[in-house]
Amino acid sequence: SRKREIMSEQFDLLVKQVDELAEAELVSANQRFAGFASAHEADAVTQEELEEAIYATNQTGARVQRLWEKTKRNATMVEKGIEVQKVCECAENAAAEMIQLAAMAKKWRTSGVAAYPTEIKAAATEQYCSQDDTDTSKQLHLSGSKTYEKPVLEEMPNAESEKILRG
């Protein structure tokens, strides 16, 4: 339907804007810190950013739950309004943490510690961001009862990455 198409276009635009924010965050991070010295360092920094993003997402979930509790008990408009503001702040913080995570993932590519040729970008995105992946070992359990997919990060062996880069 046309409505679904418009929503998809809007989402695609939002993803593009997030990508631009991640690129800007990468530039800022590169001005303050050198490239990763090893895949181990890159992984440690990326894991730290993931932990911060999960924490911020959990905080957002807790605020949404508090808003629901206040709604169920017919809290005043002011009480709900305060909670809505806190949900917005937490969600924006979680989004910022995810942008920092994306920036550090991009830094892997520019630090020379992992191959990521343009030719495999679409395949990697499809393989690791697929909503069809139901392996529960790859799921994060956040606040509330919802389960969210955790991206799986695999390091490509150097010999294999060299073949792809050479074509």
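Residues are numbered from 1 along each chain as its sequence is written. Because the model is predicted, local features need pLDDT of at least 70 and side-chain atom pairs count only at pLDDT 80 or more, whereas totals for chains, interfaces and linings use all residues; side-chain values use heavy atoms, with hydrogens and water left out.

The chain contains 5 helices and 2 strands, where helices (H or I, at least four residues) and strands (E, at least two) are DSSP runs numbered from the N terminus. Along the sequence these elements follow the pattern α-α-α-α-β-β-α. Helix α3 has 35 residues, which at 1.5 Å a residue should span 51 Å; the expected span is 1.5 Å times one less than the number of residues. The end C-alpha atoms of α3 are 51 Å apart, in agreement with that value. Gly 112 follows α3 and has a positive phi, near 75 degrees.

Of the 167 residues of the chain, 22% count as buried. Buried denotes under 20% relative accessible area, exposed over 50%, and partly exposed in between (1.4 Å probe, protein chains only). Accessible areas come from the Shrake-Rupley method with a 1.4 Å probe, and for residues only the protein chains shown count as cover. Among contacts (heavy atoms within 4.5 Å) between residues at least 6 apart in sequence, 68% join residues at least 24 apart.

The largest nonpolar core has 9 residues: Leu 26, Ala 29, Phe 36, Ala 39, Ala 42, Ala 103, Met 104, Trp 108 and Val 113. Such a core is a set of buried Ala, Val, Leu, Ile, Met, Phe, Trp, Tyr and Cys residues joined through side-chain atoms within 4.5 Å. Helices α1 (2-32), α2 (39-72) and α3 (77-111) each give two or more residues to this core, and α3 provides the largest share, 3 residues.

On the surface, Phe 11, Leu 14, Val 15 and Val 18 form a nonpolar patch with about 350 Å² of accessible area together. Patches are made of residues with over 30% relative accessible area and no salt bridge; like charges are joined within 9 Å and nonpolar side chains (Val, Leu, Ile, Met, Phe, Trp, Tyr) within 5 Å. Phe 11 is located in helix α1 and is exposed, with a relative accessible area of 51%. An α-helix has 3.6 residues a turn, so residues three or four places apart point the same way.

The structure holds 9 salt bridges, each a side-chain nitrogen of Lys or Arg within 4 Å of a carboxyl oxygen of Asp or Glu. One of them joins the side chains of Asp 19 and Lys 106 (2.5 Å, N to O). As Asp 19 lies in helix α1 and Lys 106 in helix α3, this pair ties together parts that are 87 residues apart in sequence. Asp 19 is partly exposed at 35% relative accessibility, whereas Lys 106 is buried at 10%.

A salt bridge also links Arg 63 and Glu 83, with the closest N and O atoms 2.9 Å apart. Arg 63 belongs to helix α2 and Glu 83 to helix α3, so parts that are 20 residues apart in sequence are tied together. Glu 83 is buried, with a relative accessible area of 2%. In the salt bridge between Arg 73 and Glu 79, the closest N and O atoms are 3.6 Å apart, and Glu 79 is partly exposed at 28%. Salt bridges that share partners join Asp 19, Glu 23 and Lys 106 into one network.
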